[in-house]
Amino acid sequence: MMISTKGRYALRFLLDIAEHQKDGFVPLKDVAVRQEISEKYLEIVVKELVKGGMLDAVRGKGGGYRLNRSAEEYSVKDILELTEGPLAPVACLEPGREACARVDGCRTLPLWKGLDKVISDYLGQYTLADLCAGIDGAGNGV
């Protein structure tokens with residue numbers, strides 16, 4: 001599994017918003033400068049985040065973006081699934097897929113299910129609040 005630029009930028013964008021929204025809505029331009037990401041590309045990413053219900057948006061003077069719930073309520077897993085789609089390691093484990101014709105005799109299915117659980121559990125345990133606080137790969141504060 002490889003997380004695309006879109007997924008990584010979405011995470012960075014939301015993290016930046018979480019850290020800077022204390023004074024109200026945060027302009028996309030400000031985030032683009034701080035994160036050194038193209039405004040045009042961020043517009044594409046942000047459109048998905050708004051549509052997916054992760055951000056509130058206001059146009060015009062004083063406008064921008066803000067989280068619509070607390071940073072503790074945004075799991076990294078949810079953010080990446082919104083921007084990347086299913087994170088399942090194999091197609092047969094994607095939500096809504098019909099069961100594979102070979103499922104009854106598939107000797108590798110337990111392996112893929114285990115990997116899927118590890119990915120889901122790992123990404124599901126971290127929130128934007130954790131990232132704001134600074135965590136390392138082992139879940140310890142940095």
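How many helices and strands does the secondary structure of the chain come to? The answer is six helices and two strands. Starting at the N terminus, the order of elements is α-α-α-β-β-α-α-α.

Before I go on, a word about where this comes from. What you see is a predicted model, where local features need pLDDT of at least 70 and side-chain atom pairs count only at pLDDT 80 or more, while totals for chains, interfaces and linings use all residues. Residues are numbered from 1 along each chain as its sequence is written, and side-chain values use heavy atoms, with hydrogens and water left out.

Okay, the overall picture. The C-alpha trace spans about 60 × 30 × 25 Å along its principal axes. The chain has 142 residues, and 33% of them count as buried. Buried is under 20% relative accessible area, exposed is over 50%, and partly exposed is in between, using a 1.4 Å probe and protein chains only. Now contacts, meaning heavy atoms within 4.5 Å. Of the contacts in the chain with a separation of 6 or more, 58% are between residues 24 or more positions apart.

Let's look at helices α2 and α3. Helix α2 covers residues 28-35 and helix α3 covers residues 39-51, and they pack at about 115° with axes 10 Å apart. The axes are lines fitted to C-alpha atoms, for helices over the stretch in contact, and the angles run from 0 to 180 degrees between N-to-C directions. This crossing is right-handed. As for the term, a crossing is left-handed if the near helix is turned anticlockwise from the far one by less than a right angle, and right-handed if clockwise. Who meets whom here? On the α2 side we have Leu28, Lys29, Val31 and Ala32, and they meet Glu39, Leu42, Glu43 and Val46 of α3.

In the loop between α2 and α3 we find Glu36. Glu36 isn't a glycine, yet it has a positive phi of about 55°. Is Glu36 buried or exposed? It counts as exposed, with 72% relative accessibility.

Over in helix α1 there's Asp16, which is buried at 2% relative accessible area. Leaving out residues up to four places away in sequence, Asp16 touches Val31, Arg34 and Gln35.

Now the strands. Strand β1, residues 55-58, is joined to β2 by four bridges, and the two run antiparallel. For two strands to pair, DSSP has to find at least two bridges between them. Val58 stands opposite Gly64 in β2. The hairpin has five residues between the strands, and Gly60 in that hairpin takes a positive phi near 90°.

Last topic: aromatic rings. Rings of Phe, Tyr and Trp (its six-membered ring) pair if their centres lie within 6.5 Å; planes under 30 degrees apart count as stacked, over 60 as edge-to-face, and the rest as tilted. By this rule there are three aromatic pairs. Why is the pair of Phe13 and Tyr65 edge-to-face? Because their ring centres are 5.9 Å apart and their planes are at 75°. Phe13 lies in helix α1 (residues 5-20) and Tyr65 in strand β2 (residues 64-67), so this pair ties together parts 52 residues apart in sequence. Phe13 itself is buried, at 0% relative accessible area.

Tyr122 and Tyr126 have ring centres 5.1 Å apart and planes at 70°, so they are edge-to-face too. Tyr122 is partly exposed at 37% relative accessibility, whereas Tyr126 is buried at 8%.
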